Amino acid sequence: MENKTSRRNAMKKIVEGAATVALTGAISSRLNAADNEMGVALKRRINHSVCRWCYDSIELEALCKAAKTIGLQSIELLTVEEFSTVKKHDLTCAMVSGIGKDYGITKGWNTKENHDGLEEWYKYLIDETSKAGFTNLICFSGNRAKKIDDEDGLKNCAKGLKKILNYAEKKKVTIVMELLNSKIDHKDYMCDHTDWGVELCKKIDSDNFKLLYDIYHMQIMEGDIINTIRANSKYIAHYHTGGVPGRHEIDETQEIYYPSIMNAIVETGYRGFVAQEFIPARADKLASLKQGVNICDI
């Protein structure tokens, strides 16, 4: 009887132990599923953001809620009027919009006649960005307009931007010029190669002026993305994504392998944000956004 009782107790413990393991496994699976659903299971080697304009068919309130669920920390390229909405949802704006009624991508710092108006506009934006607790403010070179060569445009940008850099430094705001392609999307745009942008950074020589390296645009203009990032990382404050060709989802439908690029970015010591800036081609735009974040979350 003793042996049978001992055997029975041993078996009972084994069964109970197995049940505990099964229960623990089930709970763990549920927690992991909940984590994935809530977006908190991201590795966090990359800080994730999304560009508002790509999802402008979705109200900002709804986009904020979806962003939190996916695991995003930022919605960017917002106007001053939109700051309060993202802050209400405990999100940041990793890059503030610099486009206004009179100035933007085509009309920028490469033209001397724009400098006075841009100085006034950007001092206002610097103030609002600083007050909101945000740190990055986008700017643009402007177009060549068939009358400004790249060397003169470089000098003009440096001269104009230096007028606001001391102010930006005091307010702890970084002015960030975006590299865009002039082949497909922004014909005649001047800051269309990394070398030109880096030369501008050197001329200005301020930690509060850097580049927005848009992977989509630079793949179109020059390729060699990883080597370029490694060589110029100290001049880059921010990154944007996008599928080539077409500027759609960054998955197997396009030519760039984003996990390798994200690894290269992390290896440079970069601790800023990477923003999804593709235009979803699928009906479920938020599913495409979540997929893009997961692809970049190396």
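**Helix 5 and the sheet**

In this predicted model, the buried residues of helix 5 pack against helix 4 (115-132), strand 3 (136-139), strand 4 (174-178), helix 6 (194-204) and strand 5 (209-214). The points below treat the helix, its ends and the sheet in turn.

**Geometry and burial of helix 5**
- Helix 5 comprises 21 residues (150-170) and spans 30 Å from its first C-alpha to its last, close to the 30 Å expected at 1.5 Å a residue.
- A kink of about 35° is centred on lysine 162.
- The buried residues of helix 5 include Gly153, Leu154, Cys157, Leu161, Ile164 and Leu165.

**Ends of helix 5**
- Lysine 172, just after the helix, adopts a positive phi of about 60°.

- An open sheet is formed by 7 strands in the order 2-1-7-6-5-4-3, with parallel pairing.
- Strand 2 (74-76) and strand 3 stand at the edges with a single partner strand each, so one side of each has no neighbour in the sheet.
- From one strand to the next, the twist averages 30°.
- Strand 5 pairs with strand 6 (residues 236-240) in the parallel sense over 4 bridges, and leucine 212 stands opposite histidine 238 of strand 6.

**Helices across the sheet**
- Helix 5 lies across strand 3, strand 4 and strand 5, and runs at about 150° to strand 4.
- Helix 6 lies across strand 4 and strand 5, at about 165° to strand 5.

Definitions and conventions:
Residues are numbered from 1 along each chain as its sequence is written. This is a predicted model: local features need pLDDT of at least 70, side-chain atom pairs count only at pLDDT 80 or more; totals for chains, interfaces and linings use all residues. Side-chain values use heavy atoms; hydrogens and water are left out. Helices (H or I, at least four residues) and strands (E, at least two) are DSSP runs, numbered from the N terminus. The expected span of a helix is 1.5 Å times one less than its number of residues. The bend at a residue is the angle between axes fitted to the seven residues ending there and the seven starting there. Buried means under 20% relative accessible area, exposed over 50%, partly exposed in between (1.4 Å probe, protein chains only). Contact means heavy atoms within 4.5 Å. Two strands pair if DSSP finds at least two bridges between them. Axes are lines fitted to C-alpha atoms, for helices over the stretch in contact, and angles run from 0 to 180 degrees between N-to-C directions.
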